[in-house]
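Hi there,

Here is the structure I promised to pass on to you. Please open it in your viewer first, and then read on.

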Amino acid sequence: MPDCIFCKIGKKEVKVLIVVESENFISFLDVQPRSPGHSLVIPKRHFDNFVSLDLNLAQEFVKICQETIKKIGRGLNANDFTLGVNEGELAGQAIHHFHFHVIPRFKHDRGGSIHSVVFNEPVESVEEIYSKIIK
Ligand SMILES: [Zn+2]
């Protein structure tokens with residue numbers, strides 16, 4: 001997509017600090033990091049979100065994520081990470097080109113677990129919710 005910043009990064013039209021690159025993916029330092037080493041993994045081609053990512057790229061995607069984590073871990077002496085995707089606007093996806101966050105975690109970094117991103121405990125029972133999902 002012509003105006004997509006991540007497509008431009010994938011085509012090397014916008015310079016970023018690359019952590020790892022593979023045939024179809026690139027990981028680079030986020031310009032608005034939430035933690036030292038906070039990186040994004042993106043496919044070079046445009047996919048709107050996680051659900052639309054080509055499954056034929058799944059293994060390469062997992063591999064570059066793992067390599068990114070290991071490289072950041074070695075360089076910054078980080079052993080722990082929060083990994084995640086903001087899938088859709090309500091979840092905070094600001095750029096509609098799939099991107100995966102790799103966020104190194106450090107002692108006393110004032111962050112929480114992934115459970116701390118939403119507080120919307122359901123009124124219905126888990127069984128009622130399950131019956132809606134499994135129709
Ligand atoms: Zn794009």
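This is a predicted model: local features need pLDDT of at least 70, side-chain atom pairs count only at pLDDT 80 or more; totals for chains, interfaces and linings use all residues.

**The zinc site**

Let me begin with the metal. The zinc ion has four protein donors, namely C4 (SG), C7 (SG), H46 (ND1) and H97 (ND1), at 2.1 to 2.3 Å from the ion. The angles among these four donor atoms run from 103 to 117 degrees, and the site is tetrahedral. Along the chain the donor residues follow the spacing C-x2-C-x38-H-x50-H. Distant parts of the chain are linked here: C7 belongs to helix α1 (residues 5-10), while H46 sits 39 residues away in the loop between β3 (39-43) and α2. Is C7 buried or exposed? With a relative accessibility of 4%, C7 falls under the 20% limit and therefore counts as buried.

The largest nonpolar core has 14 residues, and the members that touch the most others are F25, V41, L53, F61, F98 and F100. At least two residues each come from β1 (18-21), α2 (58-76) and β5 (100-105). Which element gives the most to this core? That is α2, with four residues. There is also a second, separate core of nine residues, and C4, F6, C7 and L40 are among them. As general background, nonpolar side chains in soluble globular proteins tend to be buried together.

**The largest pocket**

The largest pocket holds about 1,100 Å³ of space. Its lining consists of 41 residues, and R34, H38, N86, H101 and I103 are the ones nearest the pocket centre. Two or more lining residues come from each of α1, β2 (25-29), β4 (80-84) and β5. Of the elements, β5 contributes the most to the lining, with four residues.

H38 deserves a look of its own. H38 is placed in the loop between β2 and β3, and it is buried, since its relative accessible area is 3%. What does H38 touch, not counting residues up to four places away in sequence? The answer is F28, L29, D30, Q32, P33, H101, V102, I103 and P104. Two of these partners, H101 and I103, are also listed among the residues nearest the pocket centre.

**A few single residues**

K12, in the loop between α1 and β1, is not a glycine but has a positive phi near 65 degrees. N77 is not a glycine either, and its phi is positive at about 55 degrees. N77 lies in the loop between α2 and β4 and is exposed, with 64% relative accessibility.

Finally, K70 is in helix α2 and counts as exposed at 52% relative accessibility, because the limit is 50%. From K70 to E121 there are 51 residues in sequence and 35 Å in space, taken from C-alpha to C-alpha.

Terms used:
Residues are numbered from 1 along each chain as its sequence is written. Side-chain values use heavy atoms; hydrogens and water are left out. A nonpolar core is a set of buried Ala, Val, Leu, Ile, Met, Phe, Trp, Tyr and Cys residues joined through side-chain atoms within 4.5 Å. Buried means under 20% relative accessible area, exposed over 50%, partly exposed in between (1.4 Å probe, protein chains only). Donors are N, O and S atoms within 2.8 Å of the metal (3.2 Å for Na, K and Ca); water is not among the atoms, so sites may look incomplete. Four donors count as tetrahedral if all angles lie between 85 and 135 degrees; four count as square planar and six as octahedral if opposite donors are over 155 degrees apart and all others between 65 and 115; anything else is irregular. On a 1 Å grid over the protein atoms alone, a cavity is a set of points where a 1.4 Å probe fits but cannot get out, and a pocket is an open set with protein on both sides within 12 Å along at least five of seven lines; lining residues have an atom within 4 Å of a point. Grid points are joined across faces, edges and corners, and a volume is the space filled by probe spheres set on the points. Contact means heavy atoms within 4.5 Å.
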